[in-house]
Amino acid sequence: MKRKAAQDSRSNNDLSQKAAGLLQRVRVVLINTTHPGNIGAAARAMKVMGMHNLHMVTPMLFPHAEATALASGADDILQHATVHASLESALTGCGLVLGTSARLRSLAMPQLDARAAAQKAFAEAERHDVALLFGRERYGLTNDEMQRCHALVNIPADPGYSSLNLGQAVQILAYELRIAAIANAGYSLDALDWEPVDGNQMELFYVHLEQTLKDIRFLNPAQPRKLMMRLRRLFNRARPDQNEMNILRGILAATQTAREMRDSLPDEPADG
Ligand code: SAH
């Protein structure tokens with residue numbers, strides 16, 4: 001009897017230590033949340049599934065009594081949460097960034113349902129930190145924020161009314177992550193046998209790329225947006241590792257130097 005009880009509780013609840021640790025490498029990032037109650041609800045949703053790593057980017061009201069009230073017993077998650085002034089800062093160290101969205105956009109980027117996303121997140125947590133981004137209550141994630149993501153994640157809801165409350169969306173993703181952790185679904189890493197650079201390095205690269213494309217007049221500053229969006233999609237799909245990033249940055253630097261040298265040549269031979 002005693003043995004059976006122990007087995008039951010294990011199948012109910014216990015994760016291997018390793019799986020529990022991997023869950024901590026998946027961070028929830030709430031962007032610009034309006035209602036502090038939703039922050040508390042998100043903290044509670046995380047804690048019941050064994051996740052503790054909460055980050056916020058410019059929340060409207062935090063800390064706040066409503067957040068603490070809705071967190072119920074999960075106020076420790078709020079106390080340890082990190083508040084960031086920018087998304088870049090919240091993504092530091094993350095090799096995989098997944099953006100949740102109630103609407104699937106026309107942007108041609110990889111899209112996953114919540115279950116597949118959780119399995120991927122858990123699998124990759126063995127290699128690097130993973131971020132799950134959650135948008136604002138009123139209008140979700142901006143296009144710029146989505147372009148920081150490797151894939152968009154959708155909870156397949158009724159198409160006629162597909163927008164969940166923020167805390168409930170966090171709950172579903174956290175639950176799917178726990179299921180993935182219980183199943184240890186994570187250990188097939190598919191094709192990912194390299195370590196991609198993190199989002200900060202990607203952003204520095206995009207700044208450098210954009211500047212270089214302007215310098216060589218490939219990018220017209222009057223019409224800049226679409227080209228960079230397409231290039232972001234390309235490089236986010238490729239997920240370069242450190243060596244590849246060094247090569248790309250080296251090519252950009254050499255291109256700029258070549259351009260400067262050409263510019264510094266006199267237009268016409270001096271003195272005939
Ligand atoms: N009106 C917004 C929805 C905001 S809901 C919009 O149309 O985008 C707040 C956040 O909860 C969303 O940004 C997203 O992070 C999450 N969310 C809500 N419903 C979701 C769904 N069906 N699938 C994935 N994420 C969802």
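The model is predicted, and local features need pLDDT of at least 70, side-chain atom pairs count only at pLDDT 80 or more, and totals for chains, interfaces and linings use all residues. Residues are numbered from 1 along each chain as its sequence is written, and side-chain values use heavy atoms, with hydrogens and water left out.

Helix α3 (residues 36–47) packs against helix α9 (residues 166–183) at an angle of about 15°, and their axes are 8 Å apart; helices here are DSSP runs of H or I with at least four residues, numbered from the N terminus, and axes are lines fitted to C-alpha atoms over the stretch in contact, with angles running from 0 to 180 degrees between N-to-C directions. The two helices are therefore roughly parallel, a term for angles under 35 degrees. Where they touch (heavy atoms within 4.5 Å), α3 contributes Asn38, Ala41, Ala42, Ala45 and Met46, while α9 contributes Leu166, Gly167, Val170, Gln171 and Ala174.

Turning to the ligand, 20 residues lie around it, and Thr100, Arg103, Ile155, Ser162 and Leu164 come nearest, where being near requires a heavy atom within 4 Å. An N or O atom in the side chain of Thr100 is 2.6 Å from an oxygen atom of the ligand, whereas a polar backbone atom of Arg138 is 3.2 Å from a nitrogen atom of the ligand.

Notes. Parallel < 35°, antiparallel > 145°, perpendicular 65-115°, else oblique. Polar contact = N/O pair within 3.5 Å; in protein donor to acceptor, adjacent residues only side chain to side chain.
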